[in-house]
Amino acid sequence: TTPLSSLTVETTGSKTNGTLFIHDSDASGTANINVDGGGNIDFSKAAVIVLTADTVLDTDATGGTTNAGQVLLGAIGGTVDGTATGKQSLTINTTVNGTGNPANVTISSDVGSNTALEFVTVNAASITIDGDVTTDSSGGGTGNQTYNAIGATADVTLNANLTAINGDVRIVAGNAVIQTSGVVTTDDLLLRSEEHTSELQS
């Protein structure tokens, strides 16, 4: 299939908010949403998002020559949930698979607050998390959360709570200050700076 140049979905309205359901189109169990050419995946005006399958958001095609696009996930005060506890996962990748520059990821909605996800993995230039994120291993997965910011100027900014039930939280940054105004609840917390110094501020 040919990747889209960009994708924007808005479900907020003046009277009521709609719901964005993300399905796998081929019954594989994985829903792949791919864009290329530097365009963004913008769900920042999607108030309610339901993942009915493992979901992958990727903004750069393999072997491409353009920059990756940003991913803006969820509206402020919104929700991103699975359909069964620990059964659906979320992977976001805004790194480059050829030449070009990686892009940022911003998570504004609460993720897994109503129905926890199986795992969450984010690979990006920098990552900002403004909504609480909850994962749970009870569905047979790891329950892990992994946030990998790449490059010398990469940073991970946490302004919310991270809860990994029977799972681990791993935050890896290049040259970063890792800030959290919330609470990290996990079996194991790994903070690693690849180049210089990371700080945990609470």
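Guide: The discussion below moves from a pocket to charged residues, backbone angles and contacts across the chain. Please keep in mind that this is a predicted model.

Visitor: Let us begin with the pocket. How much space lies in the largest pocket, and which residues lie nearest its centre?

Guide: A pocket is read by its volume and then by its lining. Here the largest pocket holds about 280 Å³ of space. Its lining consists of 15 residues, and those nearest the centre are Thr1, Ser25, Asn32, Ile33 and Asn34.

Visitor: I turn now to charge. How many salt bridges does the rule count?

Guide: A salt bridge requires a side-chain nitrogen of Lys or Arg within 4 Å of a carboxyl oxygen of Asp or Glu. The count by this rule is one salt bridge. Arginine 170 and aspartate 168 form a salt bridge, with their closest N and O atoms 3.2 Å apart.

Visitor: Are arginine 170 and aspartate 168 buried, exposed or partly exposed?

Guide: The cut-offs are needed here: buried means under 20% relative accessible area, exposed means over 50%, and partly exposed lies in between. Arginine 170 has a relative accessible area of 30%, so it is partly exposed. Aspartate 168 stands at 16%, and therefore counts as buried.

Visitor: What is the nearest side chain of opposite charge to aspartate 81, and how far away is it?

Guide: Aspartate 81 belongs to strand 8, residues 79-81. This aspartate is buried but has no salt bridge, and lysine 87, the nearest side chain of opposite charge, is 16 Å away. The side chain of aspartate 81 does, however, reach the backbone nitrogen of threonine 115 at 2.9 Å.

Visitor: Where does glutamine 145 lie, and what lies 3.0 Å from a polar atom of its side chain?

Guide: Glutamine 145 is in strand 15. Its relative accessibility is 0%, so glutamine 145 counts as buried. A polar atom of the glutamine 145 side chain lies 3.0 Å from the backbone oxygen of threonine 163.

Visitor: In which loops are alanine 27 and asparagine 166 found?

Guide: Alanine 27 is placed in the loop between strand 2 (19-22) and strand 3. With 71% relative accessibility, alanine 27 counts as exposed. Asparagine 166 lies in the loop between strand 17 (162-165) and strand 18 (168-173). At 52% relative accessibility, asparagine 166 also counts as exposed.

Visitor: Finally, how far apart in sequence and in space are glycine 39 and alanine 68?

Guide: Such a pair is read by setting the separation along the chain beside the C-alpha distance. Glycine 39 and alanine 68 are separated by 29 residues in sequence and by 7.2 Å in space, C-alpha to C-alpha. Glycine 39 is in the loop between strand 3 and strand 4 (41-45), and it is buried, with a relative accessible area of 12%.

Visitor: What are the corresponding values for asparagine 93 and asparagine 148, and for isoleucine 150 and proline 102?

Guide: Asparagine 93 and asparagine 148 are 55 residues apart along the chain, and their C-alpha atoms are separated by 9.7 Å. Asparagine 93 is in strand 9, residues 90-93, and counts as buried at 13% relative accessibility. Isoleucine 150 and proline 102 lie 48 residues apart in sequence and 8.3 Å apart in space, C-alpha to C-alpha. Isoleucine 150 occupies the loop between strand 15 (145-149) and strand 16 (156-158), and counts as partly exposed at 33% relative accessibility.

Note on methods. Residues numbered from 1 in each chain as written. Predicted model: local features only at pLDDT ≥ 70, side-chain atom pairs only at ≥ 80, totals over all residues. Heavy atoms only, no water. 1 Å grid on protein atoms, 1.4 Å probe; cavity = no way out; pocket = protein on both sides within 12 Å on 5 of 7 lines; lining within 4 Å. Points joined across faces, edges and corners; volume = space filled by probe spheres on them. Helix = DSSP H or I, 4+ residues; strand = E, 2+ residues; numbered from the N terminus. Buried < 20%, exposed > 50% of the residue type's maximum accessible area, 1.4 Å probe, protein only. Lys, Arg positive; Asp, Glu negative; His and termini not counted. Polar contact = N/O pair within 3.5 Å; in protein donor to acceptor, adjacent residues only side chain to side chain.
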